[in-house]
Amino acid sequence: AQQVAQIGSWTWDIISDQISWSDEMFRIFELDLGTEPTNEFVQKLIHPDDIAQYETAMKSVFTKEIPASIIYRIIFEDGHMKWVRAVAEAKSDKHGNIMHMTGTVQDVTAQQEEAIEREKLEMQLRQSQKLEAVGTMVGGIAHDFNNILQTMFLYGEVVKEQLPPDDKL
């Protein structure tokens, strides 16, 4: 089910500092099964523009026990990138000491790329609508100006007909 949904799950036992990942987590982060997952490894992959958001969310989970849900980018050594949605929460003992954290990571690259493309298309549509509005306005001004010129030409013709043929006017 995790593979089909592209959602991996993880747990972190804070006391023993042991992290366990589901198989889908390894696929999302493109690691061989059995590789030792670490927080440092994940943080090295996070896009530099997203690291502050990630750290703020994790700090909130760790210090205030407020569940977090964030979307951030991970960049691999070969330069390709994925978008992931991470959800995390902490569990504490009866004394309020955080004992472990759990969470999920979902590959949302396709959805994010579709959203970015949709945003580009909407921007292009707005731009074309602006150009269409300007064109309509310019056409209206030209039409009104033409009406004024036609009136001037007609009055000019009337005046010309009333003048003698050899008049300089």
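This tour moves through the charged side-chain pairs of the model and ends at a helix residue.

The structure is a predicted model, in which local features need pLDDT of at least 70 and side-chain atom pairs count only at pLDDT 80 or more, whereas totals for chains, interfaces and linings use all residues. Residues are numbered from 1 along each chain as its sequence is written, and side-chain values use heavy atoms, with hydrogens and water left out.

Begin with the salt bridges, each being a side-chain nitrogen of Lys or Arg within 4 Å of a carboxyl oxygen of Asp or Glu; the count comes to 4. Helices (H or I, at least four residues) and strands (E, at least two) are DSSP runs, numbered from the N terminus. Colouring by accessibility, with a 1.4 Å probe and protein chains only, uses the terms buried (under 20% relative accessible area), exposed (over 50%) and partly exposed (in between). Lys-82 is buried, at 12%, while Glu-30 is partly exposed, at 42%.

Next, select Asp-50 and Arg-73, where the closest N and O atoms of the salt bridge are 2.8 Å apart. This pair also links distant parts of the chain, 23 residues apart, since Asp-50 sits in the loop between α3 and α4 (51-64) and Arg-73 in strand β3 (residues 68-75). Both partners are buried, Arg-73 having a relative accessible area of 16%. Their side chains also make a polar contact at 2.8 Å, a term for a pair of N or O atoms within 3.5 Å where, within protein, one must be able to donate a hydrogen and the other to accept it, and where residues adjacent in sequence count only if both atoms are side-chain atoms.

Keep Arg-73 selected and show its contacts (heavy atoms within 4.5 Å). Leaving aside residues up to four places away in sequence, Arg-73 touches Leu-45, Ile-46, His-47, Asp-49, Asp-50, Met-81, Lys-82 and Trp-83.

Then select Lys-91 and Glu-89, whose side chains meet in a salt bridge at 3.0 Å, N to O. Lys-91 is partly exposed at 36% relative accessibility, and Glu-89 is likewise partly exposed, at 30%.

Finally, go to Asp-144 in helix α5 (residues 109-162), which is partly exposed at 48% relative accessibility. A distance drawn from its C-alpha atom to that of Tyr-155, 11 residues apart along the chain, comes to 17 Å.
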